Amino acid sequence: MACTTFCELRRKEVINICDGARLGCICDLELDDCTGVINAIIVPGPCRLWGLLRSDEELVIPYCKINKIGDDVILVEILP
């Protein structure tokens, strides 16, 4: 996986390959304190109120659920 910085990851849209849903862009990472390895990516929760306001919830996607990190998108496999 060719990304080297968090800034590069934040620009990529996260898409679930199971249903084609666009989940948004990464807003944060969950890191292992000891090793610095990425445990999960964090995406803002779904929009509410006619798509204008974001939910307070965040979607935590384990790193093992990432299938591919491309130039523009990150493909994840999350079963509904």
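1. Overall make-up. The protein chain contains 1 helix and 9 strands, where helices (H or I, at least four residues) and strands (E, at least two) are DSSP runs numbered from the N terminus. Along the sequence the pattern reads α-β-β-β-β-β-β-β-β-β. The chain has 80 residues, of which 26% count as buried; buried means under 20% relative accessible area, exposed over 50%, and partly exposed in between (1.4 Å probe, protein chains only).

2. Basis of the note. The model is predicted, so local features need pLDDT of at least 70 and side-chain atom pairs count only at pLDDT 80 or more, whereas totals for chains, interfaces and linings use all residues. Residues are numbered from 1 along each chain as its sequence is written, and side-chain values use heavy atoms, with hydrogens and water left out.

3. An open sheet of 4 strands is arranged in the order 2-1-9-8, with mixed pairing. Its edge strands are strand 2 and strand 8 (66–69), each of which pairs on one side only. From one strand to the next, the twist averages 20 degrees; axes are lines fitted to C-alpha atoms, for helices over the stretch in contact, and angles run from 0 to 180 degrees between N-to-C directions. Two strands are taken to pair if DSSP finds at least two bridges between them.

4. Pairings of strand 1. Strand 1 (residues 13–16) runs antiparallel to strand 2 (residues 22–25), to which 3 bridges join it. Strand 1 also runs parallel to strand 9 (residues 73–76), and here 4 bridges join the two. Val 14 has a bridge partner on each of these strands: Gly 24 in strand 2 and Ile 74 in strand 9. For Ile 15, the bridge partner in strand 2 is Arg 22.

5. The hairpin turn. Strands 1 and 2 form a hairpin with 5 residues between them, and Gly 20 in the turn has a positive phi of about 75 degrees. Gly 20 lies in the loop between strand 1 and strand 2 and is partly exposed, at a relative accessible area of 47%. Although Gly 20 and Leu 75 are 55 residues apart along the chain, their C-alpha atoms are separated by 9.4 Å.

6. Salt bridge. How many salt bridges does the count come to? The count comes to 1 salt bridge, under the rule that a side-chain nitrogen of Lys or Arg lies within 4 Å of a carboxyl oxygen of Asp or Glu. The pair is formed by the side chains of Glu 13 and Arg 22, at 3.5 Å from N to O. Glu 13 is partly exposed at 22% relative accessibility, whereas Arg 22 is exposed at 64%.

7. Cysteines. A search of the whole structure returns 0 disulfides, a disulfide being a pair of cysteine sulfur atoms within 2.5 Å. Cys 7 is partly exposed, with a relative accessible area of 47%, and Cys 18 is likewise partly exposed, at 34%.

8. Leu 31. This residue, Leu 31, belongs to strand 3 and is partly exposed, with a relative accessible area of 44%. Beyond its neighbours within four places in sequence, Leu 31 is in contact with Gly 36, Val 37, Ile 38 and Asn 39, contact meaning heavy atoms within 4.5 Å. Leu 31 and Ile 41 lie 10 residues apart in sequence and 9.0 Å apart in space, C-alpha to C-alpha.

9. Nonpolar core. Which residues make up the largest nonpolar core? It consists of 12 residues in all: Leu 9, Val 14, Leu 23, Ile 26, Leu 29, Ile 41, Val 43, Ile 61, Ile 66, Ile 69, Ile 74 and Val 76. At least two residues of this core come from each of strand 4 (38–44), strand 8 and strand 9. A nonpolar core is a set of buried Ala, Val, Leu, Ile, Met, Phe, Trp, Tyr and Cys residues joined through side-chain atoms within 4.5 Å. In soluble globular proteins, nonpolar side chains tend to be buried together.

10. Contact range. Among contacts in the protein chain with a separation of 6 or more, 34% are between residues 24 or more positions apart.
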